[in-house]
Amino acid sequence: MIGHNFRLEPAPSAASEETGSGQRLSELLGSQRPEGYAIARQPRVFTFPRDHGPHPEFRNEWWYLTGNLEDERGHRFGYEFTIFRFSLTPFTGEVADPVGSSEWKTDQVYIAHFAVTDGDRKKFYVEQRYARGALGLAGAQSDPFRVWVENWSIAEATGQAAGGRSPENWRIDVGADSLALQLDLRAEKPIILNGVDGLSQKSDEVGNASYYYSIPRLSSSGRIRVGGEQFTVSGTSWLDREWSSSALADDQQGWDWFALQLSDGSDLMYYNLRKTDGSQDRHSAGTWIDKNGKARHLSRDEVQISETDEWVSPRGGTYPGRWEIKVPSLGLVLSVSPILPDQELVTTVRYWEGAVDVEGSRDGQSIRGRGYVELTGYATP
Amino acid sequence: MPALYRASLGYLLRHPWQLALALLGICIGVAVIVAVDLATESSRKAFSLSMETLTGKATHQVIGGPRGVEESLYVQLRVKHGLRSMAPVAEGRVRINGVDVRLLGIDLFAERQIRSFSLDVTADAKAANGVSVTSVENLFGSLLTEPGAALMSTETATMLGLQTGQAFDVEAGGKRFRGSLLGQIGGDPSLLLGELVVVDIAVAQQWLNMAGKLSRIDVRIPAAEPGKREVLENLLPAGTQLLDASSRTRSMTEMSTAFMTNLSAMSLLALLVGLFLIYNSVSFAVLQRRGLIGVLRALGVSRAQTFSLILAEGLALGLVGATAGVLLGIWLGDYLLVLVSRSINDLYFRVTVTDVSISLFTLVKGLLAGLGATLVSAVIPAIEAASYPPRLALSRSVIERRGRQTVPLLALSGVALGLAALFLLNISGSHLVAGLTAVFMLILGFALCVPLAVRIMTFLLAPLAGKLGGTGARLAVSGIEANLSRTGVAIVALAVAVSATIGVSVMVESFRGSVSTWLDRTLQSDLYVAASGAPLDPKLITELVQTQGVAAYSSSRRVWLENPQGRLRLFVLQLAPGRYPGSEILDAEPAQAWNGFEHESGVMISEPLAFRRGLGAGDTISLVTDSGERAFDIVGTFRSYDVNGGAVLISRSSYDRFWDDPAIDSIGLTLVAGAESADVMSRLQAIAQNRQPLVMRSDAEIRELSLRVFDRTFIITDVLYWLATGVAFIGILGAMLALQMERARELAVMRALGMTPFQLGGMVTTQTAVIGLFSGLAAVPLGLVMAWMLIEVINRRAFGWRMDILLSWQVLAVAIAFSVVAAFMAGIYPSWRAASSSPALAMREE
């Protein structure tokens with residue numbers, strides 16, 4: 001659920017060609033001028049597939065896919081593929097410009113992040129793309145569903161491979177020569193609305209909220225190319241969809257987000273909003289989804305998180321390195337540990353997003369799992 | 001310092017005039033070479049650098065037809081084929097605050113992969129809409145969303161009188177837009193971003209009226225991945241090409257190479273004249289010391305030592321003179337740069353050069369040229385000095401006698417050199433440098449014949465002079481022959497300089513006359529109408545041509561076409577019904593050629609192109625059309641004075657068949673007999689009002705404008721040959737001084753025999769004036785040969801132009817008069833010296 005705040009911290013100056021201008025881009029995109037944009041004030045009626053598509057009246061939006069994969073010999077991978085959308089100016093509903101104007105004119109910007117964790121070889125790869133939402137260079141649409149930045153896309157699967165049309169039967173196609181992923185996704189659980197009927201309040205301020213839904217389990221199969229080698233892989237992915245026009249409150253520092261898929265068929269999502277003084281924000285919240293897809297909102301009081309290790313980024317900043325999560329109301333005790341310490345993305349912003357292993361128990365029964373964790377607001381120059 | 005060298009130095013210092021003049025000759029010769037080199041190289045470098053800055057890391061460019069590249073191609077390459085490291089560019093020229101600037105439309109999101117300067121921006125003031133931009137943070141968004149947001153270098157902003165946040169008017173294609181300076185492109189002064197305005201590609205497309213089109217796509221293909229080139233090439237539709245960026249820049253600068261080579265040749269002329277001067281000075285210094293050298297030889301100084309002494313003297317002179325020349329050249333280069341870059345702007349490409357970039361190579365070259373010239377011209381006197389037998393104080397007459405024996409020999413070798421030059425001309429085809437070499441050989445050969453010619457002329461003239469002006473005049477004239485070793489060189493120096501003025505004048509006059517005739521024939525309409533910087537609005541055209549007073553019209557469009565063999569200018573011409581343009585067809589029957597042009601998709605090529613490619617009527621030429629390469633029949637070659645490497649003329653109907661580009665740049669109107677062009681103009685203006693501002697010119701105005709550009713181009717030529725003449729003037733002054741000093745004793749004897757100082761001064765003055773006359777006379781044939789060479793060899797080889805030789809007697813008369821006056825003036829001081837010297841003292845001197 002990153003993206004809420006894109007003015008986190010500067011990217012290193014000696015960045016690659018793709019990220020070089022990142023700092024300015026991130027600063028721009030973090031400009032706090034929500035006036036004129038739509039605001040997430042109250043719960044809304046979600047309609048699909050329409051809401052899989054873009055909401056340009058809101059300032060920012062993302063399609064967030066993470067997943068754990070492995071090949072037939074157990075070679076372990078994690079991936080993150082996210083497309084962010086930003087509106088540079090408030091949506092006016094204006095029709096296209098008069099004749100003679102340019103198709104390049106737009107206020108929509110798309111950025112995509114693609115990261116792969118090679119668990120066995122202990123390597124982490126990141127790529128980034130950005131383009132304006134014009135001329136088909138980048139964009140999003142709901143029917144048929146497709147969101148793309150240049151030749152990176154998440155799109156509704158078509159043809160025989162798709163096995164008939166279904167809204168949440170998607171295909172990821174992302175990558176370049178050395179790092180690529182083609183993955184067919186099929187929803188195994190229904191769409192889950194987070195927060196209160198999909199309205200996720202992020203601070204006391206009215207409107208400082210987002211619309212937020214997830215698909216916690218998508219069976220995934222396809223191919224991954226990494227380190228010059230191709231693997232046939234399968235596993236489970238998680239989709240997060242969120243849009244809003246707001247940013248973090250002034251006293252908020254960042255968040256720790258957990259999306260864990262457990263061996264008993266249940267899933268746990270929790271985000272821990274951290275305040276600048278290090279304390280936990282009371283708007284931290286989560287969702288627990290049972291194996292049948294039934295969701296239950298988790299408030300901050302129900303979840304206890306403690307950090308049991310730390311990791312110091314060579315690029316600056318100290319991140320937590322391991323957690324213990326307790327949800328007494330569910331009888332859940334989990335130990336969460338990254339499969340690789342350094343899964344920090346150096347893109348327009350610097351954040352940590354990585355594959356994790358889960359071990360623990362539920363009601364005394366041993367339980368395992370895999371998932372993804374996102375950590376923002378830790379990086380220091 | 002060894003005694004020998006000290007003696008040398010002492011001698012030179014005792015004759016400061018001689019020393020100063022010799023140094024000045026070398027100095028000016030070298031300075032001209034260095035200045036021309038710096039000016040041309042600076043212009044070329046500035047152009048390449050600004051091109052490099054603009055292309056950035058791009059190694060290739062995707063180029064389309066006359067209307068550019070479809071923007072959908074770019075999207076397809078990125079989205080469908082996943083190609084990267086490419087950036088779209090929409091480029092053109094607009095006017096801001098009355099200044100013509102280059103507009104570069106870019107997509108920020110693709111820029112990092114190609115260029116970096118466009119992102120290096122300081123935007124520390126307010127954006128035009130009043131929203132404060134405290135840092136660069138809103139730059140990306142503002143550039144994308146603020147109407148008309150523009151970036152430019154601080155220099156450009158200053159030049160346009162703009163401050164960050166300020167709004168300005170933009171004129172593009174006759175339309176007005178509103179822009180605002182969002183920020184200034186930062187710090188790196190090595191970036192040549194003069195007259196460049198950067199905007200988002202959407203803004204550029206709107207201002208330049210090129211929606212849907214790109215000027216080009218900049219592509220970076222790493223050298224390590226040549227396979228990517230092929231991948232990309234296979235994805236390009238017909239009519240779109242992938243070109244090497246650096247060779248594209250090169251081919252744009254190459255067109256100006258001939259122009260610059262010619263300038264360099266002119267600068268060598270100054271050195272050549274300087275060479276005679278140096279020879280004169282050094283050999284004079286040897287002659288003066290013949291007694292001393294004889295004594296030194298008797299004292300045991302070897303021939304080799306004598307030889308190297310004189311050579312060392314020359315070397316020292318050369319070193320000092322050339323060093324001073326290099327410094328002077330740097331200073332002079334600044335002035336020449338203005339002239340050179342203006343001509344380049346007029347003729348070839350836009351270049352903004354503010355500073356001379358001083359290259360070490362140029363300086364070293366100038367230094368070596370100066371040293372080399374001095375050494376060469378010191379060798380003969382050095383050999384002479386080494387040949388003096390010990391103790392024998394050679395009398396002047398011995399020297400002259402010796403010299404006299406060599407005069408026919410010199411003439412003979414001169415003739416041989418001339419023949420060799422002609423031979424070289426014959427075998428070198430169209431090679432420009434070989435042509436220039438032949439010209440120099442011819443000049444040298446001619447120079448070698450001058451002493452013999454002088455002898456013959458004095459022989460003929462002396463009795464006549466005696467009859468007219470008495471003994472003094474006869475002595476003056478025969479004195480020239482008697483001192484041929486001295487006077488001959490002075491005459492040659494002046495003759496070469498004057499002949500250059502004749503050659504260049506005749507060439508320029510012939511050229512101007514031919515261009516003028518050509519303009520007369522080509523400009524057949526009465527009135528030419530265009531919109532500034534953009535094609536004419538088609539609807540407007542239909543109304544304009546129906547205006548009262550207009551009898552017929554023709555239309556034209558000029559585009560650049562990228563071809564595998566390089567860029568070509570394509571002129572698209574729609575003829576007025578039943579009329580043929582007046583262009584002179586050189587190799588075909590006009591009616592037949594025009595018929596093929598109009599009805600059979602034939603094209604005509606300009607003479608420069610025909611010359612360069614060895615093509616003509618009956619051949620074919622391959623052009624890249626919208627559907628790929630196609631061979632077109634050449635139905636004729638037309639006379640043309642284009643400078644851009646040649647043009648192809650094609651009919652509108654053929655063009656429309658092979659290219660999708662209906663645009664028309666200008667129309668030519670033929671008026672009804674009796675119609676006042678001023679009336680028609682105001683009617684046209686009224687129609688176009690509030691639609692598209694028109695630029696209207698009568699045929700006379702266009703003629704005048706064209707000739708003005710022509711004249712401007714030759715200003716630099718003028719400057720150069722005046723410099724050469726300046727060197728010659730110094731040469732003749734030096735020679736006369738030397739001569740009079742050397743003859744001090746002889747003159748003193750004349751005084752003692754009863755000649756008055758006035759008579760003596762008169763004799764010396766007469767002598768120099770006659771020298772001037774001889775030079776002028778010698779310069780006439782040489783000048784004519786030079787003119788012929790310049791017209792038939794150099795201009796043809798450099799530009800492919802052919803012109804009719806136009807010879808006016810005024811040019812020759814002025815040249816002769818000039819050389820007499822110059823020599824006369826150079827003789828004033830020496831004659832004053834001769835007249836005022838005390839005879840007793842002078843006689844004692846030896």
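What share of the 846 residues in chain B is buried? In this predicted model, buried residues account for 50% of the chain. The secondary structure of chain B consists of 27 helices and 21 strands. Its contacts reach well along the sequence: of those in chain B between residues at least 6 apart, 85% join residues at least 24 apart.

Two packed helices are described by the angle between their axes and the distance between the axes. For helix α15 (residues 432-482) of chain B and helix α25 (residues 757-799) of chain B, the packing angle is about 155° and the axes lie 8 Å apart. Because angles over 145 degrees count as roughly antiparallel, α15(B) is roughly antiparallel to α25(B). The two helices, α15(B) and α25(B), cross in a right-handed sense. Sorted by class, the residues in the contact of α15(B) with α25(B) are 27 nonpolar, 8 polar and 1 charged.

Turning to confidence, chain A has an average pLDDT of 85, and 86% of its residues score at least 70. Two stretches of chain A deserve a word of care. Over residues 1-32 of chain A, pLDDT is below 50, and the model gives this stretch 82 contacts beyond near neighbours in sequence. Residues 160-165 of chain A likewise stay under 50 in pLDDT, and here the model has 3 contacts beyond four places in sequence. Where pLDDT is low, the predicted coordinates should not be read in detail.

Conventions:
Residues numbered from 1 in each chain as written. Chains lettered and ligands numbered in written order. Predicted model: local features only at pLDDT ≥ 70, side-chain atom pairs only at ≥ 80, totals over all residues. Helix = DSSP H or I, 4+ residues; strand = E, 2+ residues; numbered from the N terminus. Buried ≥ 20, exposed ≤ 12 C-beta atoms within 10 Å, placed from the backbone. Contact = placed C-beta atoms within 7 Å. Axes fitted to C-alpha atoms, helices over the stretch in contact; angles between N-to-C directions. Parallel < 35°, antiparallel > 145°, perpendicular 65-115°, else oblique. Left-handed = near helix turned anticlockwise from the far one by under 90°. Nonpolar A, V, L, I, M, F, W, Y, C, P; charged D, E, K, R; others polar. pLDDT = per-residue confidence, 0-100.
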